[in-house]
Amino acid sequence: MKSLQQLARRGALPRYTAPRAMPLNRSGANRLWQRSFSQTPAAASQLAALDASKLSITKTTTPKEVIPPKELVFGKTFTDHMLCIEWTAEDGWHEPRITPYQNFSMDPATCVFHYAFECFEGMKAYKDKNGQVRLFRPDKNMARLNKSSARIALPNFDGEALIKMMGEMVKLDSRFVPEGRGYSLYLRPTMIGTQKTLGVGPPGSALLFVIASPVGPYYPTGFKAISLEATDYAVRAWPGGVGDKKLGANYAPCVVPQLQASSRGFQQNLWLFGEEEYVTESGTMNLFIAVKNKETGQKELVTPPLDGTILEGVTRDSILGLARERLVPKGWAVSERKMRMSEVVEASEEGRLLEVFGAGTAAIVSPVRKISYKGNLVDCGLKENEEAGEIALSMKNWIEDIQYGDEEHQWSYRV
């Protein structure tokens with residue numbers, strides 16, 4: 001497999017030369033920052049924007065074998081092609097290129113390896129009953145990726161342009177999009193800092209790339225409710241931090257607590273925060289709780305608010321939108337508010353806790369049966385013969401109807 005640099009020398013890719021490393025001092029960092037991100041409007045307008053019309057395509061000469069859908073394992077196999085776009089502080093965005101899927105070759109001093117200049121998105125392409133490929137709310141993913149990149153001093157881009165180019169890549173690799181409910185092509189847009197330097201400062205160069213992996217249903221044999229361990233000995237996010245951004249640096253520190261929970265028989269962590277023990281997220285998913293109001297008996301669907309510690313999930317936003325449209329007319333309340341773990345325990349003990357589920361791109365919803373809290377198991381409302389509650393099932397079906405084109409909706413983007 002040829003490296004990106006080797007292909008560049010052959011003309012298949014633009015040749016990349018890392019900017020001169022900046023010295024580790026305040027004036028040097030300030031100069032780089034001013035050059036990269038603080039241009040006047042006139043200066044910034046001179047930098048090249050991300051331009052889908054300049055996209056070039058180099059097709060693979062060694063097509064991969066398509067794995068049968070039933071044999072797919074999440075994130076194990078990848079399509080024939082990838083999308084790559086370089087950025088430099090001097091010139092802005094370079095010409096975008098779709099090339100054969102291949103390895104990167106980078107200097108050991110590349111800043112992504114040392115200071116975690118990396119952010120990404122998780123989204124999917126779906127094939128409807130007519131063979132048309134669709135994306136689900138890609139504009140939301142682009143907006144979030146821009147927020148994430150800005151938070152770690154990486155460049156922003158035109159989201160519509162990237163959606164168009166991803167569409168071209170998906171069309172090129174459409175044979176890898178498996179058919180059937182639950183099957184999809186997982187897309188991973190990623191941006192990394194590529195400057196060769198051990199100095200800490202805004203990267204003078206970056207790489208935006210997209211790879212794709214065909215995936216099957218999260219629950220191949222149907223829903224399987226999970227159990228959580230309420231975690232107060234480790235914190236996923238905190239006010240003023242980056243828990244609301246999709247950064248790679250947010251994920252690695254969560255693996256050890258998950259392993260610890262798994263060793264005690266629980267599939268994931270329920271992240272608690274502060275002395276009040278507010279519930280925040282379930283593993284890497286947003287959390288939803290269906291509960292009856294203690295005074296009025298009104299049913300309420302609750303999710304923690306976007307206070308800087310909660311990831312702005314696309315599935316989360318979709319569930320809230322559908323709930324306000326379809327549950328509120330049936331008498332439900334829909335709330336984005338803080339909830340203490342003690343409130344969850346009290347609702348369970350009083351028979352008011354209807355169901356609990358996580359929400360995310362991979363599974364859409366993930367029902368919760370039990371939560372371990374201070375040595376006790378909190379029942380989350382599911383009957384013994386149930387694997388999912390009514391609301392979780394409804395949300396899964398409503399969202400899949402849109403994703404697979406069975407319901408025409410503004411959230412469905414045809415490639």
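Student: Does K246 count as buried or exposed?

Tutor: The model is a predicted one. Residue K246 lies in the loop between β10 (226-231) and α7 (255-263). A residue is called buried when its relative accessible area is under 20%. Because the relative accessibility of K246 is 10%, K246 counts as buried.

Student: Which feature does UniProt place at K246, and which residues does K246 touch?

Tutor: Leaving aside residues up to four places away in sequence, K246 touches C119, F120, E121, G122, R144, S148, Y251 and L311. The feature comes from an unreviewed UniProt entry, which lists K246 as "modified residue: N6-(pyridoxal phosphate)lysine".

Student: How does V200 count by relative accessibility?

Tutor: V200 is found in the loop between β8 (184-193) and β9 (205-215). Together with Y115 and L198, V200 makes a nonpolar surface patch of about 270 Å². Because its relative accessibility is 47%, V200 counts as partly exposed.

Student: Which residues of α8 are buried?

Tutor: Helix α8 covers residues 314-326 and reaches 18 Å from its first C-alpha to its last, close to the 18 Å expected. The buried residues of α8 are V314, T315, R316, S318, I319, L320, L322, A323 and R326.

Student: What percentage of the residues of the chain count as buried?

Tutor: The secondary structure of the chain comes to 10 helices and 19 strands. The chain exposes about 19200 Å², of which carbon and sulfur atoms supply 50%. Of its 415 residues, the share that counts as buried is 53%.

How values were computed: Residues numbered from 1 in each chain as written. Predicted model: local features only at pLDDT ≥ 70, side-chain atom pairs only at ≥ 80, totals over all residues. Heavy atoms only, no water. Patch = residues over 30% accessible without salt bridge, like charges linked within 9 Å, V, L, I, M, F, W, Y side chains within 5 Å. Areas by Shrake-Rupley, 256 points an atom, 1.4 Å probe, with all protein chains shown as cover. Salt bridge = Lys/Arg side-chain N within 4 Å of Asp/Glu carboxyl O. Helix = DSSP H or I, 4+ residues; strand = E, 2+ residues; numbered from the N terminus. Buried < 20%, exposed > 50% of the residue type's maximum accessible area, 1.4 Å probe, protein only. UniProt positions renumbered as here; feature names shortened; annotations may be inferred. Contact = heavy atoms within 4.5 Å. Expected span 1.5 Å × (residues − 1).
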